[in-house]
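Dear colleague,

Please find below the structure that I am handing over to you. My notes on it follow directly after.

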Amino acid sequence: MHRYPATALLAAALCGAFTTAIAKVPHLAQHGTATQLIVDDKPFLILGGQVHNSSSGSPEYFDRTVTKLVQLHANTVLAPVTWELLEPTEGTYDFAQLDDMVRTARKHRVKLIVLWFGSWKNGVSQYAPAWVRRDPVRFPRAHDANGRPMSALSTFGENSRTADKAAFTALMQHLRALDEQENTVIMVQVQNEVGLFESRDHRPEANSAFAGPVPQALLNYLATNRGRLTPHLEALWQQNGSKERGSWTEVFGSTKEGNEVFMAWRYASYIGDIAAAGKAAYNLPLYANAWLASGEPGKFPSGGPNHRVIDVWKVAAPAISLCAPDLYADNFKEVAATYHRPDNPLFIPETHADVWYKPSALLLHQAARNVFWAVAHHDAVCFAPFGLEGQAVGGPIATSLKLVSDLSPVILQFQGTGRMEGILQTEAPKAAASQLEGVKETSGTKSDCDIALGGYVAHVLYSTASPDERAYGLIINTAPDEFLIAGDGLVVTFSSATKREVGFAEIWEQVFVDGAWVNGRRLNGDQTNQGSVVQIPFWRWDNFDTATGPRVVKVKLFTHD
Ligand code: DGJ
């Protein structure tokens with residue numbers, strides 16, 4: 001093997017011959033009011049795909065899956081690394097799965113988010129290695145209300161916590177050695193959809209802890225953030241007298257909702273401890289994902305980071321940078337809003353890829369529309385449909401991911417500035433509107449949504465072609481009197497707060513050529529309803545250019561009295 005003499009190495013290092021700038025490790029940073037992920041020293045918008053649970057279970061299958069995700073325009077793959085494969089024998093770590101995943105992501109030039117399936121996945125413990133699951137004495141299970149052991153590990157299992165922490169720390173150490181300079185892995189999810197299918201653990205130790213005092217740190221947080229807590233937690237606390245000390249039932253009541261707060265403290269403390277150890281080994285942003293609350297605690301995993309108890313997670317797990325919704329609910333806008341907070345950027349690690357279990361019209365092509373709302377209205381850090389690999393190349397979600405990805409430099413520039421807004425029609429269309437009918441309506445003052453930006457109000461009329469479609473998109477005030485509009489099913493006019501008349505100076509179709517947005521067609525005539533509106537699609541009766549889906553337009557305005 002050829003070796004450089006030591007003196008030559010020293011000289012080369014001194015004159016900088018070997019020094020290449022090494023980017024900082026991926027981290028979160030503030031940009032105006034937005035929190036963004038910085039990767040390779042630049043803001044990065046995660047337009048990802050979360051693979052099916054077993055898709056990283058063999059190198060060949062993972063390669064096939066990532067190949068498909070790239071065809072669907074995902075820039076990031078979210079995929080499991082499992083405790084059972086990492087530590088098949090107690091104390092012996094095997095990093096083959098992780099090494100292969102990193103190699104595959106690099107080969108396909110995508111980023112990777114590692115999902116650590118450790119003590120819990122979807123409320124149960126099937127990813128804990130067999131040596132853990134077969135020994136309920138060392139690794140105790142949670143108990144149900146009748147005192148019977150459940151299949152899930154208990155948060156009171158100190159040996160479970162220690163073993164999971166050691167494995168996760170080893171994973172993070174290995175990742176650091178492997179990837180600190182390349183930054184292929186940009187974030188790590190710690191566990192998956194945790195919580196108990198019982199409102200609380202009824203093990204004897206759990207019963208004593210539950211009868212004991214609420215930790216002072218949580219009580220201090222409640223008192224300091226009185227009036228700003230999540231409405232659910234605030235109400236629970238108030239209904240029980242807003243106490244500043246007491247047992248769990250005294251402070252939060254003796255209901256299943258009170259039990260949930262206790263479990264949130266337990267899961268967040270356990271996971272926060274594991275996360276802190278992993279972060280000390282390699283300082284990547286870590287997050288926890290939630291099975292959303294619906295019905296009573298225990299029907300959904302009780303104690304997971306759902307929006308009602310995020311505050312508890314913030315106190316108990318400071319090493320977890322954010323709580324993330326697995327957003328399969330139909331009320332996308334409402335759920336997204338509950339997770340977007342000054343201390344918690346919106347990060348959607350799972351959502352319907354397209355048609356899901358319920359093939360209702362409303363769910364059809366949902367992700368293809370919702371991504372615009374997430375990144376523009378909520379300054380989202382990540383939007384990643386689940387099982388994306390099953391979607392069609394060139395289909396609606398692929399088209400949206402490509403367009404949003406091509407727009408991402410401008411989206412990232414305007415996140416957190418108050419100069420960008422999302423558009424998302426959620427209600428059914430009033431009538432199957434034709435574009436021409438829409439135009440007639442906008443010539444009055446009526447619109448479906450008004451957006452104030454840059455001294456103008458954009459009046460947006462939803463103009464979808466069929467009752468199954470919904471309008472969506474985004475609008476950015478890119479410069480004085482200039483707007484970029486992207487989306488579909490839109491008819492837009494502008495008014496000014498100070499001037500009587502607003503006119504369109506120029507309307508340009510935007511096309512993405514060689515990595516940059518440039519002017520395509522100058523739009524006028526039928527494509528703008530004789531210069532009176534911006535509309536996407538430009539003209540429904542054009543049977544020459546039949547491509548459907550979102551488009552991008554740049555508009556320059558003028559005003560006069
Ligand atoms: C939510 C979980 O977090 C995922 O791992 C997966 O099981 C999906 N549900 C879909 O089944």
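Please bear in mind that this is a predicted model. I begin with the ligand and then turn to the aromatic side chains.

The ligand

The ligand is surrounded by 10 residues, and the closest of these are Asn-53, Lys-121, Asn-192, Glu-193 and Glu-350. Sorted by class, this shell comprises 4 charged, 3 polar and 3 nonpolar residues.

Several side chains place an N or O atom by an oxygen atom of the ligand. For Asn-192, a polar side-chain atom is 2.8 Å from a ligand oxygen. In the case of Lys-121, the distance from a side-chain N or O atom to an oxygen of the ligand is 3.0 Å. For Asn-122, the corresponding distance is 3.4 Å. On its own, the ligand has 290 Å² of accessible area, of which the protein covers 83%.

Aromatic pairs

How many aromatic pairs does the structure hold? The total is 20, and I describe two of them here.

In the pair of Phe-117 and Tyr-127, the ring centres are 4.8 Å apart; the pair is edge-to-face because the planes meet at 65 degrees, and the cut-off for this class is over 60. Phe-117 belongs to strand S6 (residues 111–121), whereas Tyr-127 sits in the loop between S6 and helix H5 (130–133), so that the pair links distant parts of the chain, 10 residues apart. Are these two residues buried or exposed? Phe-117 has a relative accessible area of 0% and is therefore buried. Tyr-127 is also counted as buried, at 11% relative accessibility, since the limit is under 20%.

The rings of Trp-248 and Phe-262 form another edge-to-face pair, because their planes stand at 75 degrees, with 5.2 Å between the centres. This pair ties together parts that are 14 residues apart in sequence, because Trp-248 lies in helix H10 (residues 248–252) and Phe-262 in helix H11 (residues 256–281). Trp-248 is buried, at a relative accessible area of 2%, and Phe-262 is buried as well, at 1%.

Aromatic cluster and charges over rings

Trp-248 and Phe-262 also belong to one aromatic cluster, together with Phe-156, Phe-210 and Phe-252. One member of this cluster, Phe-210, has Arg-200 over its face, at 4.1 Å from the ring centre. A further charge over a ring is that of Lys-333, which lies over the face of Trp-373 at 4.4 Å from the ring centre.

With kind regards

How values were computed:
Residues numbered from 1 in each chain as written. Predicted model: local features only at pLDDT ≥ 70, side-chain atom pairs only at ≥ 80, totals over all residues. Heavy atoms only, no water. Near = heavy atom within 4 Å. Polar contact = N/O pair within 3.5 Å; in protein donor to acceptor, adjacent residues only side chain to side chain. Areas by Shrake-Rupley, 256 points an atom, 1.4 Å probe, with all protein chains shown as cover. Nonpolar A, V, L, I, M, F, W, Y, C, P; charged D, E, K, R; others polar. Phe/Tyr/Trp six-rings, centres within 6.5 Å; stacked < 30°, edge-to-face > 60°. Helix = DSSP H or I, 4+ residues; strand = E, 2+ residues; numbered from the N terminus. Buried < 20%, exposed > 50% of the residue type's maximum accessible area, 1.4 Å probe, protein only. Lys NZ or Arg CZ within 6 Å of the ring centre and 35° of its normal.
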